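Let us read a protein model together, one question at a time. Keep the structure in view as you go.

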Amino acid sequence: MKKAFVLTLDALTAVVLLGLFLTAMSMEMNQTPQRTETAFLQKIGQDFLTSIDKGGILKGLLSQSIVQSEQDLLENMRHLPANVGANITVIIYAEQGQDLVIVNPIEMPFVEYAGQDTVRTIRVFVSEEELQFGIAYLNLWYL
Amino acid sequence: MKIIKKVGSRGVLYTITTALIIASLMALMSDYSTRQADESTQLTKLMLGSKIAHIWEDIAEDIYDVTNISVEKNGTNATIYDYLPAEYDIQSFLILYSRFLVEFYETPDISIEFLDTGGGDIPLEDLPPMIMILPFNIRYHYPDYGKRELRIEVHTENFTAIERITINVSEIYPLFRYDPNFQPEKFNWAPAFQPCGMSTINCLDLRLQFSDGVRTWICHECEMGFDADHKSSLIINLGIEEANSWIQITLGKLGLEERLVMVEFLNSNMTVRTDFHLNTTEFYINHISKLRVNATTFKMYKEDWI
């Protein structure tokens, strides 16, 4: 009777410990790829914003109509990976008196946001012709 | 009695084995968890480093836009594109850009600083109006951001690094002063242009070309190289006489040991492209200020010449 009780207790402890071990392992294993994926998204975002800045797309937004700007952004956002959702907001500022005021906000959802974890990257740009500044916010997430 | 002893020793063996297995599992878990935490820290640092580098590169590029200068490095060539005089108040635009960075780009975890050559903090509007080609200390600069005078200066000891400098001044306005018998070769140097000769110590291959979009003046004398220890000037009159517009180019001795080119002008504007053909690819084109992007966590930062 005593022996059976000890064995049962032993087995129960082993099962509990094994359960704890497996739970901890699975939690850790789930977290690692998520963090790596976040880093990838950040890199994709930075590369994308750098390329549209160096390509003159962002600066071009300062001197053209909103419709044309949206078309240009949409065209470029098609080059993002197919498994990535994105939206971009570009806000253009100019000096008015003592303040920097918004002259032209452009919001461009490439794919409607569906509540996933997003990574945000930012890039600023300057137009020496228009004497204005712009800031582009790009949100990315995995579909 | 014997049976009880046998069962007892087997129990001890099982207990020890179980304890060892559990201890191993615990050690494995602890090690795994430590490694995961390390990996997570490394990844966070990697992402932060990437963010800092991105912000640094973004701002450094914008500074060239704000100061309306464009530079290119291609193999052994360094090219600077410029517009003289300044088309807008660059100093004020620098102040505005600095405010823009503080209000919209800096975050609680990231700070942005501009530093002078000694490493001290400077406001962005105090950015010296100078581009430097290092390590040869070739200085491309103006007295201020009004860009009303351009000087390209090199110390004689760095002449050996320069194979050729080509200065192309175009879109000059007003146009060259009207002369029905326009003869560009009649632009006279005073004192006379000194080509390189046997006795020349500091000879420089410099090509000059000035164009108002209709007519072009090429410095043919320059093809023989010029003796940089002499000083020669040339004035090109522009527009109608009453307009009092001109460009003056001075070559040669600009200081005790400084040599090269000075472009002065009055009531005129122009686009200037300067190509430096060097004998190496090992050079850098910078403003003579540093940009430092700091992260409050992990004490990470990027500090480099803009």
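Q: How many bridges join S6(B) to strand S15 (residues 258-266) of chain B?
A: This is a predicted model. S6(B) and S15(B) run antiparallel. In this pairing, B:Leu150 stands opposite B:Val263 of S15(B). The number of bridges joining S6(B) to S15(B) is seven.

Q: Which residue in S6(B) does B:His141 stand opposite?
A: Strand S5 (residues 138-141) of chain B is joined to S6(B) by three bridges. The two strands run antiparallel. Opposite B:His141 stands B:Arg151.

Q: How many of the residues of strand S6 (residues 149-155) of chain B are buried?
A: Buried means under 20% relative accessible area. By that cut-off, S6(B) is mostly covered. Of its seven residues, the number buried is six.

Q: Which are the edge strands of the open sheet of six strands in chain B?
A: The order of this sheet is S1-S2-S16-S7-S10-S11, with mixed pairing. An edge strand pairs on one side only. The edge strands are S1 (70-74) and S11 (216-218) of chain B.

Q: By how many degrees are neighbouring strands of this sheet turned against each other on average?
A: The sheet is open and has six strands. Direction is ignored when the turn is worked out. The average is 10 degrees.

Q: What is the bridge partner of B:Ile167 in S10(B)?
A: Strand S7 (residues 162-173) and strand S10 (residues 206-211) of chain B pair over five bridges. Their sense is parallel. The partner of B:Ile167 is B:Leu208.

Q: Why do the buried residues of H3(A) line one face of the helix?
A: In H3(A), A:Ser69, A:Leu73, A:Asn76 and A:Met77 are buried. Look down the helix axis: the buried residues line one face because they fall within an arc of 100 degrees.

Q: How far apart are the end C-alpha atoms of helix H3 (residues 66-77) of chain A?
A: The helix has twelve residues. At 1.5 Å a residue, they should span 16 Å. The model agrees: the end C-alpha atoms are apart by 16 Å.

Key: Residues numbered from 1 in each chain as written. Chains lettered and ligands numbered in written order. Predicted model: local features only at pLDDT ≥ 70, side-chain atom pairs only at ≥ 80, totals over all residues. Heavy atoms only, no water. Helix = DSSP H or I, 4+ residues; strand = E, 2+ residues; numbered from the N terminus. Expected span 1.5 Å × (residues − 1). Buried < 20%, exposed > 50% of the residue type's maximum accessible area, 1.4 Å probe, protein only. Arc of directions from axis to C-beta. Pairing = 2+ DSSP bridges. Axes fitted to C-alpha atoms, helices over the stretch in contact; angles between N-to-C directions.
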